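This report describes the surroundings of a ligand, a cavity and a pocket. Please look at the sequence and the structure first.

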Amino acid sequence: MYALEVKELTKKFGNLTAVNKASFKVPEGSIFGLIGRNGAGKTTTIRMMMNIYMPDSGEVILRGAVVGQDFKDKVGYLPEERGLYKKMKVLETLLFFAELKGKTGRDVQKKAKEYLERFNLSDRMNSKIEDLSKGNQQKVQFIATILHDPEFLILDEPFSGLDPINTNILKEIILEKKKEGKVILFSTHLMDFAEKMCDHIAIINNGEIILEGSLTDLKKKFAKSNVSLSYEGDIGFLKDQPFIKKVEDFGNTTGIRVKSPEQIQELLKLLVQHNITVKKFDANDISLHEIFVETAGGDAELINEEVHNG
Ligand code: ATP
């Protein structure tokens, strides 16, 4: 049985189908990445899961049964739109959110202080939210999401806007939560995070889930027809070869996809015939980035952003 199952969720806004029959399964104790470009439908999917948007059709199944109010009590949700009460103080805010989830008392206070310490916010405990930087406000909101120790974490773009140090702290806490057996789903358009952290992923594109499964399995499947090549010479002739699906230059290495795995030998033969100096020919390697570009289509903006954030 899966921890969560999203079944054929659809949401239309007027003429626009933001999410179209999206289905995916989140296994117990795993980190699940919902990956997609800007506007792909990640937030809309998450909002339907959280019952903020009524889906036009489809359902969310929690451990075999359609989700009800009980899900809200079990989940820590970090919304895309960050919003805390500006006039409230940091510690006060955290205790307020915990209380909304039925958690009060010394233990919660102690835990809140521990998390503030980890995020280097101890000295801001009595600051008003409005006096914190945007990144610091985001850290407080993340702590508010996890403080009541929920079984499920649903995090919409949790890493956006954080510096590398804070990103690492967040990453550590998410991995700790996984070790505790919690189920974590986060959305991102940053392939690096998804690749390093997720056990399972779903790629959403134009509102449709175009790929889903365990990251290891997907990598195995895609790597079969993929070569990472370093070379000297001119490989321009490859574009005329019918068995070549795609050539993508990543700078130091070039990713080459052939139409079927057995054509990898043919590729190697051809390179030798054309006097290309082959420095590296790795037939078993593919990054999530390449899988994403292959399935969802490339875009300079996205690639640049990854370089800057990665
Ligand atoms: P991003 O990474 O940019 O946040 P996303 O993958 O989360 O993108 P969504 O916010 O789910 O994408 O948006 C999917 C599509 O639905 C977009 O075309 C968006 O403009 C549209 N959309 C989302 N919310 C609404 C709304 N309330 N009314 C009208 N259109 C909407």
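A polar contact is a pair of N or O atoms within 3.5 Å; within protein, one atom must be able to donate a hydrogen and the other to accept it, and residues adjacent in sequence count only if both atoms are side-chain atoms. The model is predicted, so local features need pLDDT of at least 70 and side-chain atom pairs count only at pLDDT 80 or more, while totals for chains, interfaces and linings use all residues. Residues are numbered from 1 along each chain as its sequence is written, and side-chain values use heavy atoms, with hydrogens and water left out.

**The ligand**

| Residue | Protein atom | Distance to a ligand oxygen atom |
|---|---|---|
| Asn38 | polar side-chain atom | 3.2 Å |
| Lys42 | polar backbone atom | 2.8 Å |
| Thr43 | polar side-chain atom | 2.7 Å |

Taken alone, the ligand exposes 630 Å², and the protein buries 64% of that (accessible areas come from the Shrake-Rupley method with a 1.4 Å probe; for residues, only the protein chains shown count as cover). Around the ligand stand 14 residues, of which Gly39, Lys42, Thr43, Thr44 and Glu80 come nearest (a residue is near a molecule or strand if one of its heavy atoms lies within 4 Å of it). This shell divides into five nonpolar, five polar and four charged residues. Here Ala, Val, Leu, Ile, Met, Phe, Trp, Tyr, Cys and Pro count as nonpolar, Asp, Glu, Lys and Arg as charged, and the others, Gly among them, as polar. The largest share of the shell, three residues, comes from α1 (helices, H or I, of at least four residues and strands, E, of at least two are DSSP runs, numbered from the N terminus).

**The cavity and the pocket**

On a 1 Å grid over the protein atoms alone, a cavity is a set of points where a 1.4 Å probe fits but cannot get out, and a pocket is an open set with protein on both sides within 12 Å along at least five of seven lines; lining residues have an atom within 4 Å of a point. Grid points are joined across faces, edges and corners, and a volume is the space filled by probe spheres set on the points.

The whole structure holds one cavity of 30 Å³ or more. The largest cavity has about 60 Å³ of space, and α10 gives the largest share of its lining, three residues. Its lining residues divide into three nonpolar, two polar and five charged.

The largest pocket has a volume of about 510 Å³. Of the 20 residues that line this pocket, Tyr77, Phe97, Leu100, Lys101 and Ala144 lie nearest its centre. The pocket lining divides into eleven nonpolar, six polar and three charged residues.
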